[in-house]
Amino acid sequence: MTSTTNTSETKPINLSHTRAAKFCGRQIYYDHFHPETSQLPWIDNFYTACGHIYEAGVNAELKNRMTGVQGCGITEEMQKVMDDLTAPMEWELAEKVREEFPKAVTSVEKYINGIDYTPVRVQEWFNFHLDGEDENPVVGCVDIIAERDGLPLIIDLKRKSSKLKRDNYDYRMQVSLYALWLMQARELDEIPKAEIHVMLSGANPQIWPVDISAEDMYEAVERLRDLAWRLKHKYFPMARGQYLCSPRWCEYWDQCHIDSFKPLDSLLRDIKP
C-alpha cells in the first residue's frame, strides 16, 4: 500500500481516512489498528470494481505514451483486472460487472481520444508527515501527474454513473493535499492545476476543473490534524445513520456490528431513573 513501514510506533494515515473521518470513526479504528478483521477481498460492490477496470485501461494507454512502446494492450489489461476482481464475487454481481465491460472499453477509448495533456507519472505513491505528527505519516497515491502547456497538472480519475453537477468537497480536499505534496516535492511557487476526470459508462468523459486555493489546502491539512488527534486519543465515534455504513462500502461492517452492540437488557440497565 505504501513505502512507509507500518509498525507499532509508526502507523501511516491513508488519505482516504480523512474522508472516513467525516462520517465514521469506527472504520478508521479497524483500518488503523485491526486490519486483520477486514472481509478480504473487499470488492463486493459494482462501482468499486468498475472503477478499477476503467482505471486499468487508462493507465495502460498512459504507460504506452510515457515509454513510447505499445507494450500494454488496453482491452487486455482491463480484461485481466476484471477477471481478478470477479473471480471471488457472487455470480450475479460478477455478471453485472461483465455486462458493463464493453461500455467500459468504449468509455476508455473515448477518454484516450480526448487526451490533451502529457502524462509524467501514473499511480504515483507518496508519503509525508505533518510537523509535530511524526507518529502518523501520511500516504497517498495520485492517479496521474501530467503537464499541459508546460505547467504541472494533477488528475484524479473517478468512475461515476452520472456527471458531476456541483463541486464535491471531498474531491477538492483530496486534490488539495496532492497539490500541497507536489508543491513541496517539486519546490513549486504556484499551486498546480487540478482536474477530476469523470469516466461515464459508454460515454465521453466529463472534465471537472478544481481551482485549488490556499484556503482549501489549509482545510485539508486541518482535516489531517483532526484525524491524527483522533488516532492519538482513540476517539472513534460510530455513524450508523450514514449511507456509507453498509456491507457494500465498508469491509469492517460485520465486525463492527458484532463489537459495537449491546442487547436490550443491558441497555435498560444503563438507563437510571
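**Figure 1. Packing of helix H6 against helix H7 in the predicted model.** In this predicted model, helix H6 (residues 169–186) and helix H7 (residues 214–233) pack with their axes 8 Å apart, at an angle of about 95 degrees. Angles of 65 to 115 degrees count as roughly perpendicular, and H6 and H7 are therefore roughly perpendicular to each other. On the H6 side, the contact consists of Tyr-169, Asp-170, Arg-172, Met-173, Ser-176, Leu-177, Ala-179, Leu-180 and Met-183. These residues meet Asp-216, Met-217, Glu-219, Ala-220, Val-221, Arg-223 and Leu-224 in H7. By residue class, the contact of H6 with H7 divides into ten nonpolar, one polar and five charged residues.

Figure 2. H7 has 20 residues. From the first C-alpha to the last, H7 reaches 29 Å, close to the 28 Å expected at 1.5 Å a residue. The buried residues of H7 are Asp-216, Met-217, Ala-220, Val-221, Arg-223, Leu-224, Leu-227, Ala-228, Arg-230 and Leu-231. An α-helix has 3.6 residues a turn, so residues three or four places apart point the same way. Among the buried residues of H7 are the charged side chains Asp-216, Arg-223 and Arg-230. Just after H7, Lys-234 takes a positive phi of about 55 degrees, although Lys-234 is not a glycine. Lys-234 lies in the loop between H7 and helix H8 (253–259) and, at 59% relative accessibility, counts as exposed.

**Figure 3. Packing of helix H2 against helix H7.** Helix H2 (residues 25–33) and H7 pack at an angle of about 70 degrees, and their axes are 11 Å apart. That angle makes H2 roughly perpendicular to H7. The crossing in which H2 passes H7 is right-handed. Gly-25, Ile-28, His-32 and Phe-33 of H2 make the contact with Leu-227, Arg-230 and Leu-231 of H7. The residues of this contact divide into four nonpolar, two polar and one charged. Leu-227, Arg-230 and Leu-231 are also among the buried residues of H7.

**Figure 4. Packing of helix H3 against helix H4.** The axes of helix H3 (residues 46–67) and helix H4 (residues 74–86) come within 8 Å and cross at roughly 150 degrees. Angles over 145 degrees count as roughly antiparallel, and H3 and H4 are therefore roughly antiparallel to each other. H3 passes H4 in a right-handed crossing. From H3, the contact involves Ala-49, His-52, Ile-53, Tyr-54, Ala-56, Gly-57, Ala-60 and Glu-61. From H4, the contact involves Ile-74, Glu-77, Met-78, Val-81, Met-82 and Leu-85. Ten residues of the contact of H3 with H4 are nonpolar, two are polar and two are charged. At 1.5 Å a residue, the 22 residues of H3 should span 32 Å, and the end C-alpha atoms of H3 are 32 Å apart, which agrees. Just after H3, Gly-68 takes a positive phi of about 75 degrees.

Figure 5. Leu-200 lies in strand S5 (residues 193–200). With a relative accessible area of 7%, Leu-200 is buried, the cut-off for this class being under 20%. Not counting residues up to four places away in sequence, Leu-200 touches Tyr-54, Ser-107, Lys-160, Ser-161, Ser-162, Lys-163 and Gln-206. The C-alpha atoms of Leu-200 and Lys-163 are separated by 7.4 Å, the two residues being 37 residues apart along the chain. Tyr-54 also takes part in the contact of H3 with H4.

Figure 6. Gln-123 is found in strand S2 and has a positive phi of about 55 degrees although it is not a glycine. At 27% relative accessibility, Gln-123 counts as partly exposed. Gly-132 is found in the loop between strand S2 (118–128) and strand S3 (138–148). Gly-132 is exposed, with a relative accessible area of 64%. Although Gly-132 and Arg-225 are 93 residues apart along the chain, their C-alpha atoms are separated by 9.7 Å.

**Figure 7. The protein chain as a whole.** The secondary structure of the chain comes to nine helices and six strands. Of its 273 residues, 45% count as buried. Among contacts between residues at least 6 apart in sequence, 70% join residues at least 24 apart.

How values were computed: Residues are numbered from 1 along each chain as its sequence is written. This is a predicted model: local features need pLDDT of at least 70, side-chain atom pairs count only at pLDDT 80 or more; totals for chains, interfaces and linings use all residues. Side-chain values use heavy atoms; hydrogens and water are left out. Axes are lines fitted to C-alpha atoms, for helices over the stretch in contact, and angles run from 0 to 180 degrees between N-to-C directions. Helices (H or I, at least four residues) and strands (E, at least two) are DSSP runs, numbered from the N terminus. Angles under 35 degrees count as roughly parallel, over 145 as roughly antiparallel, 65 to 115 as roughly perpendicular and the rest as oblique. A crossing is left-handed if the near helix is turned anticlockwise from the far one by less than a right angle, and right-handed if clockwise. Contact means heavy atoms within 4.5 Å. The expected span of a helix is 1.5 Å times one less than its number of residues. Buried means under 20% relative accessible area, exposed over 50%, partly exposed in between (1.4 Å probe, protein chains only).
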